[in-house]
Structure formats: C-alpha cells, structure tokens
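This report examines selected parts of one protein structure. Please study the sequence and the model before reading on.

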Amino acid sequence: MDLWELTDLSTPWCVHVAATLRIADLIAAGSMQVDQLAAASGADRDSLHRVLRHLVSKGLFEETSPGRFALNEVSRGLLDEPVRLGLDLNGIGGRMAHSWGTLLSAVRTGRPAYHEVFGRGFWEDLDAHPDVAASFDALMGPGHGVPDSHVLIDPADWESVKTVVDVGGGTGTLLAEVLRARPEVHGTLVDLPRTVARSGEVFQAAGVADRVTTVAQSFFDPLPAAGDLYMLKNVLADWPDQEAKAILRRCAEAARPSGRVAVLGGVAPGEDASPELLMMVLVGGKARTLDQFRELAREAGLGVSAVGRQPSGRVIVECRPLLMS
Ligand SMILES: C[S@@+](CC[C@H](N)C(=O)[O-])C[C@H]1O[C@@H](n2cnc3c(N)ncnc32)[C@H](O)[C@@H]1O
C-alpha cells in the first residue's frame, strides 16, 4: 500500500454519503437507476453517479449496466440499522466523522478539541441536539446488539447479589439482559435524564419493568447506595483520569461496605491498551492497562479483586471497596 492510498479520504466520505442518503435501502426497495436514486434521495444525479461509481470501484455496490446499480454483500451491510447509525452524517455518525478533523489539536494539547468543530464539548453538544443524542443512545444500546449478561466472573457469586445498579447504563439494554437472566434480582438504571427517559421500552420488551428503578442523575453525584453490584460498562474509557477516578469514587462510596463494582470495557489485561483514537477526539477518553486501572481504582477507594472474561470475550474487572483507614 502506498501513502496516497493510505491517506485517500474519498472512500470513507463516499460511504458516509451513500449511508446518509439511504442508497442501499432505495436499491433494496427497487430503485436501481441512478435517476431514480437521485430523485428519491434528493441528490444531484451526476454527482451521485460519480460517488456510486467510485464506490463500485472499491467493491461496494455493483453497476450492472451503465447507471443501474445493485447491492452486493458489502453494501448489504448498509441495510443494518447499527451500521447506518454509525455512518449517517445527520446523526452521531456525522459527529464521529467530523471529529477526526480535530485530531491535530487533540494531539498537540492532550485534550479533546471537539468544540472546534461543534462549538461545545461532546456531552454538551448532545444536550443541545436531542436528535443526535437519540442516535447516540440507539447506537450505544440496541446498536451494539444483545449484551452479554454474564457480568460476574464466578456465577456462584450471584448468590449474594440481589440488587444491581448500572451506572451510565444508557437506555438499559445490559440491565434488562441481566434481570432477564436473573429473575430474583432487582435493578437500578443511572444515566442522564434524556437517556433514562428512553429506557422504558427496553425494560418493557424484556419483561423486567416491574423490577427496575430508574434514576436520572449525573454519575458525578452520589449514587444510589447499598447495591450489591455496580456495573460500569463502556463508561470509563469516555473520560480522562480525573473524571474516571471521580466516577469510581462514587461507585466505591455507594458500594461500601460489602458491594462490588464490575468494570466491563476500557481495561486491557496485557501490557498495551488499545489506542482508542475515536475516544481521544470525541471525549478525551482512553483505554487503560490493568496496572493503570488498578492505580486509578486504588486512589478512588477500590481494590481489584478479580479479573476475567465474559463468554463473549469482554474483560471483566471486579473491584471491592477498600477499608477506610
Ligand atoms: C458509551 S455510553 C455506554 C452506555 C452503556 N453503559 C452501554 O454500554 O451501552 C456512555 C453513557 O454514559 C452516559 N453519561 C455521560 N455522562 C454522564 C453523566 N455525567 N452522568 C450519567 N451518565 C452519563 C451517557 O449518557 C451514556 O449512556
């Protein structure tokens, strides 16, 4: 591969444009001629044709005769809702795509520069744009598929767990799966008000709504106390060390004296954590090695008690509150 191939941005942008214009859905519904595709998607015919021809040259879509397009295995992927959410330039897909333009500033300063493009930081931007926030929640929750409910390393430990608090639990997809798998357990979902407001359907669909309490609050404020298990899935990697420590401290306070905290995602057991560049540009977050996490947790009042993997492969780090001296 040469440098020009490596740095060519045209293909990723063309894919985003095709996804945003729902070209795959239109073809699947029978609009195959570029004139029809342009009319149905509100695009300029010749410009769209050029984009599609480029994508055909890269193996996405087929041009079966001049100006007539068909799906192939790769472009059929664009029919998947999570893929569409991740690529649609009008929603969270656009936030992720455009934030790469801030990478140089992020690298120079060590802080996210998302505000340079969107006028405010990532979370404030979601506050200001409910549609984008809704697409983010959809991508995080249903978009990531059915979560693995095996959140404790040793299944026998469920004996002592009757209440689970999902901290930053999004729209409740993980909590719903845990409660479905454990009929004796009650759960509390903690997330921002706009996200918690979208959780009702998820709990209803899972048939667990009668065992759930929702709490719309920041996880930087004191958390519901005395839970047996606090879950943090894909939360800590969204934050720099100071904020990640503050969240862990809230979990430690709430879990004291005998609860536990299960961290799912964002901690790598080996020497190297993933670079997580998207986290760098969006929110200034990062993945951590186990040693880095252990130190952060200790400063927050938690000790790592076990490390394992879910059947789906994700690393679980279990922590216990440290005794106060
Ligand atoms: C990457 S998502 C992970 C969601 C969920 N745990 C999952 O794995 O699908 C991060 C979550 O943190 C929530 N969040 C961000 N800032 C928050 C805050 N200050 N207080 C509570 N939740 C917050 C977001 O709303 C979002 O649901």
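## The ligand and its surroundings

In this predicted model, a polar backbone atom of F219 lies 2.8 Å from a nitrogen atom of the ligand. The side chain of S218 also has a polar atom placed 3.2 Å from a nitrogen atom of the ligand. At D191, an N or O atom of the side chain is 2.6 Å from an oxygen atom of the ligand.

How many residues surround the ligand? There are 17, and the closest of them are G168, D191, F219, K233 and N234.

## Helix 16 and helix 18

Two packed helices are described by the angle between their axes and the distance between the axes. Helix 16 comprises residues 241-255, and helix 18 comprises residues 290-299. Their axes are 8 Å apart, and the packing angle is about 55°. The crossing in which helix 16 passes helix 18 is right-handed.

Which residues of the two helices meet? Helix 16 contributes D241, A244, K245, L248 and R249, while helix 18 contributes F293, L296, A297 and E299. Sorted by class, this contact of helix 16 with helix 18 contains 5 nonpolar and 4 charged residues, with no polar ones.

## Helix 2 and helix 5

Helix 2 (residues 10-20) and helix 5 (residues 45-57) form another crossing, in which the axes come within 10 Å at an angle of roughly 120°. Helix 2 and helix 5 are therefore oblique to each other. Their crossing is left-handed.

On the side of helix 2, the residues in contact are S10, T11, C14, V15 and A18; on the side of helix 5, they are V51, H54 and L55. By class, the contact of helix 2 with helix 5 holds 5 nonpolar and 3 polar residues, and no charged ones.

## The setting of E116

Where is E116 found? E116 belongs to helix 10, which spans residues 115-118. When residues up to four places away in sequence are not counted, E116 touches T102 and S105. With S105, the side chain of E116 makes a polar contact of 2.9 Å.

A further residue, A128, is 12 residues from E116 along the chain. The C-alpha atoms of E116 and A128 are separated by 16 Å.

Conventions
Residues numbered from 1 in each chain as written. Predicted model: local features only at pLDDT ≥ 70, side-chain atom pairs only at ≥ 80, totals over all residues. Heavy atoms only, no water. Axes fitted to C-alpha atoms, helices over the stretch in contact; angles between N-to-C directions. Helix = DSSP H or I, 4+ residues; strand = E, 2+ residues; numbered from the N terminus. Left-handed = near helix turned anticlockwise from the far one by under 90°. Contact = heavy atoms within 4.5 Å. Nonpolar A, V, L, I, M, F, W, Y, C, P; charged D, E, K, R; others polar. Near = heavy atom within 4 Å. Polar contact = N/O pair within 3.5 Å; in protein donor to acceptor, adjacent residues only side chain to side chain. Parallel < 35°, antiparallel > 145°, perpendicular 65-115°, else oblique.
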